[in-house]
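Please have the sequence and the model open as you read.

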Amino acid sequence: MARPVRVQYEGAVYRVTSRGNERKAIFKGEPDRKLFLKTLREAAGQYGLVVRCYCLMPNHYHLVVETPRANLSSAMAWFQSTYTNRYNHKHRRSGHLYQGRYKAHIVEADSYAIQLIRYIHLNPIRSGKKNDPLSSEKKKDLEQYLWSTHSYYCGRKKAPEWINLDWLSYWAKSARQAQKLYRKDIDEAFEKSLASPWQNLRGGLVLGSEELWQKVWDTLDGKTAKHEVHWKEYQGRQEIECQINEWVSKEKDSRVKMWIRARLGGERLVDIARQEGYCNGVGVYQVVNRLERKAKQDRELKQKLDELRKMLIVMR
């Protein structure tokens, strides 16, 4: 089976979804969902993803992310493989967790942000039949659902720092007014058939205008489904890579070297592991995590890591 085409460009917005292998559950309980979100938070920090919204279902998930670095493929590869490794280790299993590769649709936010967020947040209470209206009796279930960004958008809970709620501005300029209009928008969806935004999907890839679709189509000209397509290389990438290499070459502490490559360079843990003599990426992940825990107690180490982060932010 051919791999799905990945069109990547700086600042692209995607709706990403993946289903469990053989449609089986990818979460066995609350701890797994927390582990998934912890891994997503790490992926956002490591790869610079802007997480707009999410919804976790028993056997699949929905994400809306923006990629300032044009790096969806590498970010998702790390995210899905890391969660799979952690899940397998925890439940003493092996093998694939997800059914094939994830799906990624390019989204034009100005046209579809409101419709997309509403559709994703209502996912937990929709029936299996697409055209069935949403029962008002399900309102309480939606408000009690813990595993989506709905509670952050409606203002019931404060969002963690890695969740970006800038899209609330599509409802109104002020946060309070936007939350009020968002709640009204959700309320008005009940007792109606909810229109799916995917009925407007162009070419199975683009949720947006004809202009955006034409741009993607022109980009795909002559490419096969095995290609990873880039519209524009991330500006300054070569400069950043040179700086990362310089920091690594000058650093004497192997733990800090791995931290720089993983956290700042966004390298795959499995690639670092091969070069550092580890069996797999789990060992590198543990080293990096232990170093970050130590930095909370070691002022000098914390200052060093913070300064490296700040220098990289300036370069971007």
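A hairpin of three residues connects strand S3 to strand S4. This is a predicted model, in which local features need pLDDT of at least 70 and side-chain atom pairs count only at pLDDT 80 or more, while totals for chains, interfaces and linings use all residues. Residues are numbered from 1 along each chain as its sequence is written, and side-chain values use heavy atoms, with hydrogens and water left out.

Let us stay with the strands. Helices (H or I, at least four residues) and strands (E, at least two) are DSSP runs, numbered from the N terminus. Two strands pair if DSSP finds at least two bridges between them. S3 (residues 50-56) and S4 pair in the antiparallel sense, with six bridges, and cysteine 55 stands opposite histidine 62 in S4. S2 and S4 also run antiparallel, joined by eight bridges; here serine 18 has tyrosine 61 of S4 as its bridge partner.

How many of the residues of S4 (residues 60-67) are buried? Eight of its eight residues are buried, where buried means under 20% relative accessible area, exposed over 50% and partly exposed in between (1.4 Å probe, protein chains only). On one side of S4 lie His60, His62, Val64 and Glu66, and on the other Tyr61, Leu63, Val65 and Thr67, all of them buried.

Now for the cysteines. A disulfide is a covalent bond between the sulfur atoms of two cysteines; the cut-off used here is a pair of cysteine sulfur atoms within 2.5 Å. The search of the whole structure finds zero disulfides. Cysteine 53 counts as buried because its relative accessibility is 0%, and cysteine 55 counts as buried at 0% relative accessibility.

Next come the aromatic rings. Rings of Phe, Tyr and Trp (its six-membered ring) pair if their centres lie within 6.5 Å; planes under 30 degrees apart count as stacked, over 60 as edge-to-face and the rest as tilted. By this rule there are 15 aromatic pairs. Two of them are set out here.

| Pair | Centre distance | Plane angle | Type |
|---|---|---|---|
| Phenylalanine 27 and tyrosine 83 | 6.1 Å | 55° | tilted |
| Tyrosine 153 and tryptophan 171 | 6.4 Å | 70° | edge-to-face |

Phenylalanine 27 lies in the loop between strand S2 (12-19) and helix H1 (30-47), and tyrosine 83 in helix H2 (residues 72-91), so the pair ties together parts that are 56 residues apart in sequence. Both phenylalanine 27 and tyrosine 83 are buried. Ring pairs also link Phe27, Phe36, Tyr61, Phe79, Tyr83, Tyr87 and Tyr98 into a cluster. As for the other pair in the table, tyrosine 153 and tryptophan 171 are both buried.

Some rings have a charge over them, meaning that NZ of Lys or CZ of Arg is within 6 Å of the ring centre and within 35 degrees of the ring normal. Arginine 6 has its charged end over the ring of tyrosine 102, 3.9 Å from the centre, and arginine 126 lies over the face of tyrosine 119, at 3.8 Å from the ring centre.

Finally, helix H7 (residues 210-220) has Leu212, Trp213, Val216, Thr219 and Leu220 as its buried residues. Seen down the axis of H7, these fall within an arc of 120°, so they line one face of the helix; the arc is that of the directions from the helix axis to the C-beta atoms. Glu211 and Trp217, on the other side of H7, are exposed.
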